[in-house]
Amino acid sequence: MQPRTPLVLCVLLSQVLLLTSAEDLDCTPGFQQKVFHINQPAEFIEDQPVLNLTFSDCKGNDKLRYEVSSPYFKVNGDGGLVSLRNVTAVGKTLFVHAWTPHAEDMAELVIVGGKDIQGSLQDIFKFARTSPIPRQKRSIVVSPILIPENQRQPFPRDAGRVVDSDRPEGSKFRLTGRGVDQEPKGIFRINENTGVVSVTQTLDRETIAVYQLLVETTDVNGKTLEGPVPLDIVVIDQNDNRPIFREGPYIGHVMEGSPTGTTVMRMTAFDADDPATDNALLRYNIRQQTPDKPSPNMFYIDPEKGDIVTVVSPALLDRETLENPKYELIIEAQDMAGMDVGLTGTATATIVIDDKNDHSPKFTRKEFQATVEEGAVGVIVNLTVEDKDDPTTGAWRAAYTIINGNPGQSFEIHTNPQTNEGMLSVVKPLDYEISAFHTLLIKVENEDPLVPDVSYGPSSTATVHITVLDVNEGPVFYPDPMMVTKRENISIGSVLLTVNATDPDSLQHQTIRYSVYKDPAGWLNINPINGTVDTAAVLDRESPFVHNSVYTALFLAIDSGNPPATGTGTLLITLEDVNDNAPFIYPTVAEVCDDAKNLSVVILGASDKDLHPNTDPFKFEIHKQTVPDKVWKITKINNTHALVSLLQNLNKANYNLPIMVTDSGKPPMTNVTDLRVQVCSCKNSRVDCNAAGTLHISLTSLLLLTLLSLVCL
């Protein structure tokens, strides 16, 4: 056997083979020739042989099978490579995979002058042809091992061999790395004596594409003799994954009238197979268009990029004439560059033809009529328009404007969001006597601006004729409210004022009668003919019906129409205060201890329902107390308060002390109120007033007892 050269190593790196040792020179399993070169023909002819391949497993080639990297070729049982159809371009390289239960190998067919259609398996071997492994001072010879994914039973099966030409007797091979002693464990193993590497199960390139292992030789004690040397196991891709669309839903929009060739959207599918091979080279096409009007081919998809573009004229992309402004396209992605043998995946693309404002709104009539009663407010007429644009957009929604006939701003118009109608309303009551007819000029526009080549025409304006109906209006009081100021307590029958109401129906000759509508205190009368208001009772400013010195009453004015109409007027009577209320004191009960050192009893306050100056300052006095034998004392604190105190301690009892308080009115008013003083027993911080309730003695009685005691002496 001749020494191995870098050229031999290059061959080893470009194939899956079983490296043999020196004692196996009689038969080397695998292809007898590993690399073939042919010139690119004008066309590969169906069933015409391309070349002959020779493969041997050294055990009779039982159950020999072939697999070609291109779907356009096959290998016959005699090893002849033939084309399955007439084809011109198949790439720059083809690979033929052959295997039996005992051996497996790969041959490479280089097509000189062929066009690179996309990543064939030659990419896997590129580094092997350009960067052969240098010999250095190393006896372990390794090359990448290529194993197709999805292999079927039986397992384990030999995948390649590691050779150590200088391996000492008794040494062993050891293989480590992911797939051996690292997860996922047990996928590969090596015969420690022969160096044969075997695979124990089916591989999946989409899970792990390359296993990077280390191989070394060890002595009987496990000590490394040489290595470790890298060993790559490359999983050869099979077309076992369909293209899938992962980013749906796919919805695109295109404006109506868009130029031919307008890009709508991009559809991109994913293929899990090797992107460097045709297994993941995708081509796109439109399988179905719904609806198929006005053309079954409204759109085109770029087979390589997946861009969907319009292919019809702008006139056919008219949303208002389309049967349905939404199209659904079934998009198919096929691998193997779109060849028949490729796997496919589909997705639905929804394309919406968006509206642009290419139709102006138009009134359904040039003139509209409306009637409204004078004094009424609200919607009086709905103006209808037509617009062919999309009802969900601002190109359809209408905006109305009154452009003439509304100087007093009595009218407003708003858009009904559901119907798009213009709702014309009266917002300020109309007066028949002022004007019985009104004429408005109204225009309608869209919320969105029109496209440049479309404008608003005469149909976008309309005239509204409004007739005001005369109604019997109620009389109106003037002024309203009516205000008058009077002193309270004026005599019954005093005239307060004469009310005045007029009938706004100036064209009708009607009489007016008056009546009292609301008089809470029942104080007032009104003459039904001339409207004179006088008092029926005394006016009291302090009455609960008076608020902040103002009494409120309502009157009715009724005309003689059929039916009669009524107006309401308000009378506000401001009542001036007179001193007609005596002041009163508070509190009226007090307590004091019988042994108190502080003889102060209580601070009294005074109040008066009248207003200043008929209230404070108040004058406080003890009523009917003789000067020589005073027991009580009252001292003024301020204008509204005074202090009641004792001049000496008293026995436990209840005492009634008459307090007289006088206001500052002219003439003044006086009130006498008994202050009930309880003298209690106060022992050990406890106040006991119970016994005080058993004795009721007045100041007068106390004075009489004092006089009697003096006489007896």
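**Note on a predicted protein model**

1. Contacts of Thr350. Neighbours within four places in sequence are left aside here; beyond them, Thr350 is in contact with Tyr250, Ile251, Gly252, Met265, Lys326, Tyr327 and Glu328. Contact means that heavy atoms lie within 4.5 Å. Thr350 belongs to strand 25 (residues 344–354). Strands (E, at least two residues) and helices (H or I, at least four residues) are DSSP runs, numbered from the N terminus. Thr350 counts as buried because its relative accessibility is 15%; buried means under 20% relative accessible area, exposed over 50%, and partly exposed in between, with a 1.4 Å probe and protein chains only.

2. Basis of the note. This is a predicted model, in which local features need pLDDT of at least 70 and side-chain atom pairs count only at pLDDT 80 or more, while totals for chains, interfaces and linings use all residues. Residues are numbered from 1 along each chain as its sequence is written, and side-chain values use heavy atoms, with hydrogens and water left out.

3. The protein as a whole. The protein contains three helices and 53 strands. Of its 713 residues, 44% count as buried. Among contacts with a separation of 6 or more, 67% are between residues 24 or more positions apart. The protein exposes about 37,100 Å², and carbon and sulfur atoms supply 51% of this area; accessible areas come from the Shrake-Rupley method with a 1.4 Å probe, and for residues only the protein chains shown count as cover.

4. Strands of a sheet pair through backbone hydrogen bonds, either parallel or antiparallel. Strand 15 and strand 16 (residues 196–199) run antiparallel and are joined by three bridges; two strands pair if DSSP finds at least two bridges between them. Phe188 stands opposite Val199 in strand 16.

5. Backbone exceptions. Most residues other than glycine have a negative phi, and most peptide bonds are trans. A cis peptide bond joins Phe155 and Pro156, with omega about 0 degrees; Pro156 lies in the loop between strand 11 (145–148) and strand 12. The peptide bond from Gly227 to Pro228 is also cis, with omega near 5 degrees, and Pro228 is found in strand 18 (residues 224–236). Asn61 is not a glycine, yet it has a positive phi of about 55 degrees. Asn61 is in the loop between strand 4 (55–56) and strand 5 (65–68), and its relative accessible area of 23% makes it partly exposed. Gln409 has a positive phi near 55 degrees and lies in the loop between strand 30 (398–404) and strand 31 (411–415).

6. Aromatic pairs. Rings of Phe, Tyr and Trp (its six-membered ring) pair if their centres lie within 6.5 Å; planes under 30 degrees apart count as stacked, over 60 as edge-to-face and the rest as tilted. By this rule there are eleven aromatic pairs. One of them is the edge-to-face pair of Phe31 and Phe55, 5.3 Å centre to centre with 70 degrees between the planes. Phe31 lies in strand 1 (residues 30–31) and Phe55 in strand 4, so the pair ties together parts that are 24 residues apart in sequence. Both Phe31 and Phe55 are buried. The ring centres of Trp523 and Tyr551 are 4.6 Å apart and their planes are at 35 degrees, so this pair is tilted. The pair links distant parts of the chain, 28 residues apart: Trp523 is in the loop between strand 39 (512–518) and strand 40 (524–526), and Tyr551 is in strand 42 (residues 550–559). Trp523 is buried, with a relative accessible area of 7%, and Tyr551 counts as buried at 0% relative accessibility. Phe245, Tyr250 and Tyr284 form one aromatic cluster.

7. Charges over rings. A charge sits over a ring if NZ of Lys or CZ of Arg is within 6 Å of the ring centre and within 35 degrees of the ring normal. Arg157 lies over the face of Phe155, at 5.6 Å from the ring centre. The charged end of Arg246 sits over the ring of Phe270, 3.9 Å from its centre.
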